Amino acid sequence: VPEIRFAGFTDPWEQRKLIMVAPLQRGFDLPAEKIIPGVYPVMMSNGIGAYHNEYKVKGPGVVTGRSGTIGNLQYVESAFWPHNTTLWVTKFYGNHPKFIYYLYEKIDLKRYKAGSGVPTLNRNDVHDTMVFFPASRKEQELISAVLTYLDDLITLHQRKYDKLVIFKKSMLEKMFPKDGESVPEIRFAGFTDPWEQRKFSNLTDRVSMQSSDPDLPQVEYEDIVSGEGTLNKDLRDKEGGKTGIKFYAGDVLYGKLRPYLMNWLYPQFNGVAVGDFWVLRATECDSSFLYRLVQTDSFQRLANVSSGSKMPRADWNLISQSFFAVPADYAEQRVIAKSLAELDDLITLHQRKLELLQNIKKSLLDKMFV
C-alpha cells in the first residue's frame, strides 16, 4: 500500500507486469500530404506536431516519446493520431486512463532507454516492469484528480512566469533607446532631456585584481541561473580557495565566455569571480543601471561579435570602444534599474512557486504510489 492514501480504501494494491495493465504499441506512419489543417492532433515525440482530418485512436490516450525525447509523456482527451515517433497505450483493462498516465510518470521511462546513437525506448523492458495499482477505479480517480489539480497549478504558474519573462524583455527594449535614437519609447515622468552617447570604457572600469581568499564566496558559471541574474545555490556551502577576480558589492559580473548564455550577476556581497568573467565597476553611471545596460539587445549583439567558434568570448576591445545611450541624470538611471529589479523579483517569486509545486508533485508521486 502507498504511504498516503484516501480514507475508506484499505485493500492492498495489486501487483502485475505493466504489459498486463497498460501495454505500449508503436505509433503509425503518416504521409506528409495528409498533415494538413484539421481537427485531430498528430502526437509526435515532442508534442503536437500538426493537426489533420483523420485519426487512428479514440481518446483518451497516453502517449510517450519512442526515441530522442524518451519519457515525454502526453495525455490526450479526444481522438488523435499517434505518430511513429511515439509509443501509445493500447489498452487500459478497465483502469482509469489518467491514473495510467501518472503511473507511467512514476516509473520514469528514461530508465529504459537503449542504443548508442539516438536512444530509443526499450518497450520489452518496460512491459516486464512489475507495478502496483489499486483495483478500485474510484481510488484511481481520486489520485488522478489530486495530481491533475497540481499539474493545472504548475501550468498556470509556468504561464505567468513565461509572460513575465517576455514582459521584462519588452521593457528592456522600450526603456532603452533604439539604435540611432536619443530617447526611449517608454520614459518615466519628469525626465525629458535626450540621452547621451557614452563610450563604454568611460562608464566603467574593468577590474582585474586577483584573489584566492578562502573566506570569500566564489562565483562560477554554473552557480548563475542563465538570463535571470540569480544564484542557484548557497555559496557558503562551496569550498573556497580558487583563484579569480575579487569583486565588491555593487560590481557587475558579466560572463564573457559564450556571452549568449547570459551569465550576469549584480552581487550585493564581496567575493571572487572564478572563470571567464568581466568584473565591471561603474565610474560615470549608476552601478544598477550598468547592470541593466549589459542585458540590453544592443550590448548583447556586440558581445556576441566574438572570436572563436567552439569557445567564443566577447571582445573587450570592441565593447570598451563602443558607444551606448545613457541618461545624464543619475535619478533616471536609478528609476529604470529599480523598475526592472521589481520585475526580476516578480519573476523569481513565480519561479520559486513553480519549483515548490513541482517538488510537491514529485513527493506525492512517491507517496501516493507504491
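This report looks at one helix pair and at the salt bridges of a predicted model.

## Ground rules

Residues are numbered from 1 along each chain as its sequence is written, and side-chain values use heavy atoms, with hydrogens and water left out. Because the model is predicted, local features need pLDDT of at least 70 and side-chain atom pairs count only at pLDDT 80 or more, while totals for chains, interfaces and linings use all residues.

## The α3 and α8 pair

Two packed helices are described by the angle between their axes and the distance between the axes. Here, helix α3 (residues 137-174) packs with helix α8 (residues 330-368) at an angle of about 160°, and their axes are 9 Å apart. That makes α3 roughly antiparallel to α8 (angles over 145 degrees count as roughly antiparallel, under 35 as roughly parallel, 65 to 115 as roughly perpendicular and the rest as oblique). Axes are lines fitted to C-alpha atoms, for helices over the stretch in contact, and angles run from 0 to 180 degrees between N-to-C directions. Helices are DSSP runs (H or I, at least four residues), as are strands (E, at least two), numbered from the N terminus.

The crossing of α3 and α8 is left-handed (the near helix is turned anticlockwise from the far one by less than a right angle). By class, the contact of α3 with α8 has 22 nonpolar, 5 polar and 6 charged residues. Asp, Glu, Lys and Arg count as charged, Ala, Val, Leu, Ile, Met, Phe, Trp, Tyr, Cys and Pro as nonpolar, and the others, Gly among them, as polar.

## Salt bridges across the sequence

The whole structure holds 25 salt bridges (a side-chain nitrogen of Lys or Arg within 4 Å of a carboxyl oxygen of Asp or Glu). K361 lies in α8 and E105 in helix α1 (residues 97-107), so the pair ties together parts that are 256 residues apart in sequence. K361 is buried at 9% relative accessible area, whereas E105 is partly exposed at 25% (buried means under 20%, exposed over 50%, partly exposed in between, with a 1.4 Å probe and protein chains only).

R301 forms a salt bridge with D179, the closest N and O atoms being 2.9 Å apart. Since R301 lies in helix α6 (residues 297-303) and D179 in the loop between α3 and β12 (196-199), this pair ties together parts 122 residues apart in sequence. R301 is partly exposed at 47%, and D179 is exposed at 59%.

## Another pair and a network

E196 and R198 meet in a salt bridge through their side chains (3.9 Å, N to O). E196 is partly exposed at 37%, while R198 is buried at 19%. Finally, a network of salt bridges links E220, D223, K233, K238 and K242.
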